[in-house]
Amino acid sequence: MPHIAVTIGAGRSPRQLRTLLHEVHAAVLRSVDTRPEHVRVVLHEVPRTHWSTADTTLAELDQEPVRPTGPAEPTTPAEPAEPAEAVGEREPS
């Protein structure tokens with residue numbers, strides 16, 4: 001019997017969580033030769049203050065300002081780099 005544990009930061013709607021459970025269940029059925037009634041999926045919701053990455057909690061990340069995702073600013077072409085010296089063309093020192 002496949003047993004899948006999913007851990008996710010709290011804050012999703014019941015509909016999103018139900019969709020996640022359904023999709024995980026469906027993925028197991030597509031991937032493993034088993035009967036639907038044998039698949040167990042457990043969803044663990046963790047408070048966002050109790051989960052951190054790079055020493056920053058999810059709650060703290062939620063407070064960071066959202067960066068605009070519009071088109072990138074036009075950039076000027078980089079100046080060509082100077083050609084590297086070929087091996088053996090240096091004067092002896």
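Modeller: Before we start, a term: two strands pair if DSSP finds at least two bridges between them. Helices (H or I, at least four residues) and strands (E, at least two) are DSSP runs, numbered from the N terminus. This is a predicted model: local features need pLDDT of at least 70, side-chain atom pairs count only at pLDDT 80 or more, and totals for chains, interfaces and linings use all residues. Residues are numbered from 1 along each chain as its sequence is written, and side-chain values use heavy atoms, with hydrogens and water left out.

Colleague: In which sense do strand 1 and strand 2 pair?

Modeller: Parallel, over seven bridges, with strand 1 at residues 3-9 and strand 2 at residues 40-46. Within strand 2, glutamate 45 stands opposite isoleucine 8.

Colleague: What do strand 1, helix 1 and strand 2 make?

Modeller: A right-handed β-α-β unit, with helix 1 at residues 14-31. Right-handed means that, with the strands pointing away from the viewer, the path from the first strand over the helix to the second runs clockwise.

Colleague: Where is leucine 29? And what does leucine 29 touch?

Modeller: Leucine 29 is in helix 1. Not counting residues up to four places away in sequence, its contacts (heavy atoms within 4.5 Å) are Thr34, Arg35, Pro36 and Val39.

Colleague: Why does leucine 29 count as partly exposed?

Modeller: Because its relative accessibility is 31%. Buried means under 20% relative accessible area, exposed over 50%, partly exposed in between (1.4 Å probe, protein chains only).

Colleague: New topic: is threonine 57 buried or exposed?

Modeller: Buried, because its relative accessibility is 17%. Threonine 57 sits in strand 4, residues 56-57.
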